[in-house]
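Work through the exercises below with the structure open. Try each task before reading its solution.

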Amino acid sequence: MFDYGAGKLDWLAAGNPTEGTNPAKARAGAVARHDVPTCRVDEPLGDVAARVAAAGFDACVVVNDAGVVFGLLRSAELARDAGAIVGDVMRPGPSTFRPHVMAGEMARYMVKHDLTSSPVTRSDGTLVGLLYRDDVTTYLHEHGDDE
């Protein structure tokens, strides 16, 4: 048996497995895209925008060497001057959500606040993935899981 000293919420926020009646319900971390492009604050925006487009995404998560989320580039930022540096045009300190948040809760929040996407991070700030509103609403519609 393992005694996780940081507590239950930290365990959940880290995306660790759970037991009981809710584990079968979809959570943000499971629906998020884990292959989202990432970049560093010191990269040229033009290089990042080309890489993001080639990968078929419209956003890039700005992280440090440890994978901690520093910022977000959405299509508006990616379309700016290619000679700019990421750190100068990124949306700093974006709102993030933990992997254990129920997908239904995320869908409602994203619709209410008109968010097209949101980073999902562990409690230490490291990136799990990028949750797209369209992905989570489609998932819930297909699986009948609205909680």
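**Exercise 1. Find what the buried side of α3 packs against, then locate that side.**

Solution. This is a predicted model. Start with the partners: the buried residues of α3 pack against the strands β1 (38-39), β2 (60-63) and β3 (69-73), and against the helices α4 (75-78) and α5 (86-89).

Next, name the residues. Helix α3 spans residues 45-54, and L45, V48 and V52 are buried in it. Buried here means under 20% relative accessible area. These three cover an arc of only 65 degrees around the axis, so they lie on the same side of α3.

The face of α3 pointing away from the buried side carries A53 and A54, both exposed. Finally, look just past the helix end: G56 takes a positive phi of about 80 degrees.

**Exercise 2. Describe how α6 and α7 pack: angle, class, handedness and contact residues.**

Solution. Take the geometry of the pair. Helix α6 (residues 103-112) and helix α7 (residues 133-143) pack at about 130 degrees, and their axes are 9 Å apart. Classify the angle. Values over 145 degrees count as roughly antiparallel, and 65 to 115 as roughly perpendicular. The two helices are therefore oblique to each other. The crossing of α6 and α7 is left-handed.

Now assign the contact. From α6 come A103, G104, A107, M110 and V111; from α7 come R133, V136, T137 and L140. Sort them by class: the contact of α6 with α7 has six nonpolar, two polar and one charged residues.

Link this to Exercise 2. R133, V136 and L140 are buried in α7, and R133, V136 and L140 also belong to the contact with α6.

**Exercise 3. Which residue has a positive phi of about 50 degrees although it is not a glycine? Is it buried or exposed?**

Solution. The residue is D114, with its positive phi of about 50 degrees. Then test its accessibility. The cut-off for exposed is over 50%. D114 has 57% relative accessibility, so D114 counts as exposed.

How values were computed
Residues are numbered from 1 along each chain as its sequence is written. This is a predicted model: local features need pLDDT of at least 70, side-chain atom pairs count only at pLDDT 80 or more; totals for chains, interfaces and linings use all residues. Side-chain values use heavy atoms; hydrogens and water are left out. Axes are lines fitted to C-alpha atoms, for helices over the stretch in contact, and angles run from 0 to 180 degrees between N-to-C directions. Helices (H or I, at least four residues) and strands (E, at least two) are DSSP runs, numbered from the N terminus. Angles under 35 degrees count as roughly parallel, over 145 as roughly antiparallel, 65 to 115 as roughly perpendicular and the rest as oblique. A crossing is left-handed if the near helix is turned anticlockwise from the far one by less than a right angle, and right-handed if clockwise. Contact means heavy atoms within 4.5 Å. Ala, Val, Leu, Ile, Met, Phe, Trp, Tyr, Cys and Pro count as nonpolar, Asp, Glu, Lys and Arg as charged, and the others, Gly among them, as polar. Buried means under 20% relative accessible area, exposed over 50%, partly exposed in between (1.4 Å probe, protein chains only). The arc is that of the directions from the helix axis to the C-beta atoms.
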